[in-house]
Amino acid sequence: MFLKMCESHWVLCRKAIQKRGLSHLVSKTQKEAVSRIKKDMRSETPTRDYDPMLHLVMFIYHKYIDNIDELDIENDDERHCPLCDIAKKVNKIASQLYLDIAADEIEEMCKKYNLQG
Ligand SMILES: [Zn+2]
């Protein structure tokens, strides 16, 4: 199984970050994202290189993998968008809730380390 956020859920993730006033922390280019991930990984606590969009997507992947047995997803070689899978297996409300809870976690992290300003 491969996890890859679909286009429409990617857009919803961006909106969730935007809604929480964290867009200015999101990398503008892929090159910038890679360079910031490297710096971010070297630091024990979140710094200015903390990219909320990347952390949101990774957080959703991790949470999804944690719950994979509960959702009874069969092993296969196909790409899965975690949020589409939840919408299919449970419902759209659950999928949105999953995203909102993850985005709230990211917002809390940014508040805790004073990264929003
Ligand atoms: Zn999706």
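Biologist: Which residues of H1 are buried?
Modeller: They are His9, Cys13, Ala16 and Ile17. They cover an arc of only 95° around the axis, which puts them on the same side of H1. The arc is that of the directions from the helix axis to the C-beta atoms. A residue is buried if 20 or more other C-beta atoms lie within 10 Å of its own, exposed if 12 or fewer, and partly exposed in between; C-beta atoms are placed from the backbone.

Biologist: Why do residues three or four places apart point the same way in an α-helix?
Modeller: Because an α-helix has 3.6 residues a turn.

Biologist: And what is on the face of H1 turned away from the buried side?
Modeller: That face carries the exposed residues Glu7, Ser8, Val11 and Lys19. The buried residues of H1 pack against H3, H4 and H5. Two residues are in contact if their C-beta atoms, placed from the backbone, lie within 7 Å.

Biologist: What follows H1?
Modeller: Gly21 does, and its phi is positive, near 70°.

Biologist: Back up a bit. Where does the model come from, and how are residues numbered?
Modeller: It is a predicted model: local features need pLDDT of at least 70, side-chain atom pairs count only at pLDDT 80 or more, and totals for chains, interfaces and linings use all residues. Residues are numbered from 1 along each chain as its sequence is written.

Biologist: What is the mean pLDDT of the chain?
Modeller: The mean is 90, and 93% of the residues reach 70 or more. pLDDT is the predictor's confidence in each residue, from 0 to 100. Confidence is highest in H1, at 97, and lowest in strand S1 (residues 2-3), at a mean of 86.

Biologist: Now the whole chain. How many helices and strands?
Modeller: Five helices and two strands. Along the sequence, the pattern reads β-α-α-α-β-α-α. The radius of gyration is 15 Å, close to the 13 Å that the globule rule gives for 117 residues, so the chain is as compact as a globular protein of that length. That radius is taken over C-alpha atoms; the globule rule is 2.2 Å times the number of residues to the power 0.38.

Biologist: What box do the C-alpha atoms fill?
Modeller: Roughly 40 × 25 × 25 Å, taken along the principal axes. Buried residues make up 22% of the 117 residues.

Biologist: On to H5. Which of its residues are buried?
Modeller: Ser95, Leu99, Ala102, Ala103, Ile106 and Cys110. They cover an arc of only 95° around the axis, which puts them on the same side of H5. On the other side, Ile93, Ile101, Asp104, Glu108, Lys111 and Lys112 are exposed.

Biologist: What do the buried ones pack against?
Modeller: Helix H1 (7-19), helix H3 (52-66) and helix H4 (82-89).

Biologist: Which residues touch the most other members of the largest nonpolar core?
Modeller: Of its 20 residues, those are Cys13, Ile17, Leu56, Ile60, Leu99 and Ala103. H1, H3, H4 and H5 each supply at least two residues of this core. A nonpolar core is a set of buried Ala, Val, Leu, Ile, Met, Phe, Trp, Tyr and Cys residues joined through C-beta atoms within 7 Å.

Biologist: Leaving aside neighbours within four places in sequence, what is Ile60 in contact with?
Modeller: Pro82, Leu83, Tyr98, Leu99 and Ala102.

Biologist: Is Met53 buried or exposed?
Modeller: Met53 is buried, with 20 other C-beta atoms within 10 Å. Met53 sits in helix H3. Beyond its neighbours within four places in sequence, Met53 is in contact with Cys13, Arg14, Ile17 and Val26.

Biologist: Last one. What about Asn114, buried or exposed?
Modeller: Asn114 counts as exposed, with 8 C-beta neighbours inside 10 Å. Asn114 lies in the segment after H5. Its phi is positive, about 55°, although Asn114 is not a glycine.

How values were computed:
Helix = DSSP H or I, 4+ residues; strand = E, 2+ residues; numbered from the N terminus.
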